[in-house]
Amino acid sequence: MADTATTASAAAAAASAANASTDAPPFQLGKPRFQQTSFYGRFRHFLDIIDPRTLFVTERRLREAVQLLEDYKHGTLRPGVTNEQLWSAQKIKQAILHPDTNEKIFMPFRMSGYIPFGTPIVVGLLLPNQTLASTVFWQWLNQSHNACVNYANRNATKPSPVSKFIQGYLGAVISAVSIAVGLNVLVQKANKFTPATRLLVQRFVPFPAVASANICNVVLMRYGELEEGIDVLDGDGNLVGSSKIAARHALLETALTRVVLPMPILVLPPIVMSVLEKTALLQARPRLLLPVQSLVCLAAFGLALPLAISLFPQMSEIETSQLEPEIGRATSSRTVVYNKGL
């Protein structure tokens, strides 16, 4: 253990020497590049996580990035390697390989693929004049994509039964489809609405359906945490114990994130499109409606995802006085931290 620390320190010193003229912060293996105590720092961090350019990294570049990090870890870093190169290598590895299994994550289910592969689904959810069949199809496809992303990026340190993911998936699909279909039926039966108002209201139906399904998915897939608790750590990273109260906080923060995430994606585009559709350009060229809506959805998605997941720190802090008495007795620290999940 001491040898590893020594070699890592030597590598850090070598990297620092090569960085006199760069603005990149000193490299820390396995740590975020940006401070996580501020919203801006978390926002910058998650912009790196979802960067779609990592989808185009070649197999050779991935191997080089992994090898560079291994060299840093063992203190065999070649002279001249900069902090910027090390941060870039870590970004590539974290974007492509699962942190627990070190296996490649299938491209559509990586966090960096969430926006490019999810945008066509968002466009489908927001299409006007949806039929019952199309409503069911797009809600099913959206929840299927979300479930695959959740499973591909799961915590794999402990074996978890596939039945849990199936339960969460089915619960999310059933809630999303039933709410979307139910609201559409109510809107159709609302005689007080003019055709134009009915069309506008229908465009907002996907948001409550998706938001409720997201909450259902989180609760069903992580219900075990409420029963068993989650690990809480002191300031030095030492395990203090397992807390059900911390689990409730983690679940609440994640659920709020999942409600905020679809809000700009499914609320802003209908508002923007209702304005753009009245312009002379789109009225004269109705074929441009779908491409324009796709661009609006892409912009909303690209903004909403990093904003939503930056609301709370990945490692959240809580005072021991708010947790179970045994947690307070097990540590002298006033606060402990827990991994809230994504």
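**Exercise 1. Classify the lining of the largest cavity, then locate it.**

Step 1. By class, the lining has nine nonpolar, eight polar and one charged residues. Here Ala, Val, Leu, Ile, Met, Phe, Trp, Tyr, Cys and Pro count as nonpolar, Asp, Glu, Lys and Arg as charged, and the others, Gly among them, as polar. This is a predicted model: local features need pLDDT of at least 70, side-chain atom pairs pLDDT 80 or more, while totals for chains, interfaces and linings use all residues. Residues are numbered from 1 along each chain as its sequence is written, and side-chain values use heavy atoms, without hydrogens and water.

Step 2. The volume of the largest cavity is about 160 Å³. A cavity is a set of points on a 1 Å grid over the protein atoms alone where a 1.4 Å probe fits but cannot get out; lining residues have an atom within 4 Å of a point. Volume is the space filled by probe spheres set on the points.

Step 3. There are 18 lining residues, and Leu125, Gln130, Asn184, Gln202 and Pro206 are the closest to the centre. Helix 5, helix 6, helix 7 (162-189) and helix 8 (195-203) each give two or more residues. Helix 6 gives the most, four. Helices are DSSP runs (H or I, at least four residues), numbered from the N terminus.

**Exercise 2. Describe the second largest cavity.**

Step 1. Its volume is about 30 Å³.

Step 2. Leu126, Arg203, Pro269, Pro270, Met273 and Gln293 line it. Helix 12 (residues 262-276) gives the most, with three residues.

**Exercise 3. Work out how helix 5 packs on helix 6.**

Step 1. The axes of helix 5 (residues 114-125) and helix 6 (residues 132-152) come within 9 Å and cross at roughly 160 degrees. Axes are lines fitted to C-alpha atoms over the stretch in contact, with angles from 0 to 180 degrees between N-to-C directions.

Step 2. Helix 5 and helix 6 are therefore roughly antiparallel (an angle over 145 degrees).

Step 3. Their crossing is left-handed: the near helix is turned anticlockwise from the far one by less than a right angle.

Key: Angles under 35 degrees count as roughly parallel, over 145 as roughly antiparallel, 65 to 115 as roughly perpendicular and the rest as oblique. On a 1 Å grid over the protein atoms alone, a cavity is a set of points where a 1.4 Å probe fits but cannot get out, and a pocket is an open set with protein on both sides within 12 Å along at least five of seven lines; lining residues have an atom within 4 Å of a point.
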